[in-house]
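Dear colleague,

Please find below the structure that I am handing over to you. My notes on what was found in it follow directly after.

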Amino acid sequence: MAATAVTVGRLLRLRAAGAEGHWRRLRGAGLLRGFLQPASADGDAAQRRQVAHFTFQPDPEPLEYGQTQKMNLFQAVTSALDNSLAKDPTAVIFGEDVAFGGVFRCTVGLRDKYGKDRVFNTPLCEQGIVGFGIGIAVTGATAIAEIQFADYIFPAFDQIVNEAAKYRYRSGDLFNCGSLTIRSPWGCVGHGALYHSQSPEAFFAHCPGIKVVIPRSPFQAKGLLLSCIEDKNPCIFFEPKILYRAAVEQVPIEPYNIPLSQAEVIQEGSDVTLVAWGTQVHVVREVASMAHEKLGVSCEVIDLRTIIPWDVDTVCKFPNQGWNPCPLPWKCGVLTTGPPGKSPGCSYLKSVIKTGRLLVSHEAPLTGGFASEISSTVQCPWRVCV
């Protein structure tokens, strides 16, 4: 946060010097404010740069997976990669600078331990990195590719969306590259500027055939990364780089898995549901505490964890206590032995009716962000969520 404060101080000095026109907040219509030249300067005075504050909140020490060790997030990632290389002799790790440990040290020591044939550098070509990974995965080996920053994943967009995601479909399931995992540092860090601060998860949420995962903590990072590596579908694993060193907690030394596409309710509530992923989970946890202390509002906090396929049931759940009245008994296709129009397993009963309110928060630009997918699903009349 000190770096953030320094950055804000510099921005304020630039503003005082009359350079405020170069520092406009990206908000509302997204590109219309911040990147494109505005039609008039009348709205400049109303625009403010805002910095979100958060304090990392570690989870309770997990006891069900054996001995634990204090790790930060990048060490948890290293531990997961170490476990994977030890367990799977076909697993290889490759990317820009990974041989000496990577810019964030996530692969430090692995080349010395497993050899230059299993942990190696690639040319500075993201399209080539992913294309190479697809080829390795098609042969049946486990490919773990690193894109040095999520901002640089776009040169590989065609390989991910048109090749990796569709490989199984185009071959009628004769071939697939499901053993491909793409890791990448993600999100803002306070001083990353335009090429080291982006959150591009929504770009990939439109594409069937891949999974996109974003953890909130070291414990989550290791379990979810191991699940991605072992999953039979191509996975993109975005790592919140601001948490690489800021997030520290007890993490099991041995391998363990956290299921994909399962959101986690990390705080029960009754008045409003707060949904987030990655770093923003810690922001909304602070918001939930403030709302309770200052307003007496009970917030339910959900960490989505997997962006696609996302856990609709947890976000749009109905508190199923006994027999719940079905709002659409003539459309319910669930067979039940209960009274007519009442079904404990009816898909039309999974909703945010418990709280009646939903707030989704993410770091990515507002326009077209994944929050719009969640909110539109919650409000969809066929789901009867509101």
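I begin with Ser 79, which is found in helix α2 (residues 73-87); helices (H or I, at least four residues) and strands (E, at least two) are DSSP runs, numbered from the N terminus. Ser 79 counts as buried because its relative accessibility is 13%, where buried means under 20% relative accessible area, exposed over 50% and partly exposed in between (1.4 Å probe, protein chains only). Leaving aside residues up to four places away in sequence, Ser 79 touches Met 71, Lys 222 and Ile 253, a contact being heavy atoms within 4.5 Å.

Please note that this is a predicted model, in which local features need pLDDT of at least 70 and side-chain atom pairs count only at pLDDT 80 or more, while totals for chains, interfaces and linings use all residues. Residues are numbered from 1 along each chain as its sequence is written, and side-chain values use heavy atoms, with hydrogens and water left out.

As to the chain as a whole, it has 12 helices and 13 strands. Of its 386 residues, 48% count as buried. Among contacts between residues at least 6 apart in sequence, 79% join residues at least 24 apart.

Val 272 has Cys 299 as its bridge partner in β11.

Helix α5 (residues 157-164) has Gln 159, Ile 160, Val 161 and Ala 164 as its buried residues. These pack against α4 (126-138), α6 (167-170), β5 (180-186), α7 (201-205) and β7 (235-240).

Some backbone details in loops also deserve mention. Most residues other than glycine have a negative phi, and most peptide bonds are trans. A cis peptide bond, with omega about -10°, joins Ile 308 and Pro 309; Pro 309 is placed in the loop between β12 (306-308) and α11 (312-315). Arg 105 has a positive phi, near 70°, and is placed in the loop between β2 (92-95) and α3 (110-114). With a relative accessible area of 26%, Arg 105 is partly exposed. Asp 173 also has a positive phi near 70°, and this residue lies in the loop between α6 and β5.

Yours sincerely

Methods:
Two strands pair if DSSP finds at least two bridges between them.
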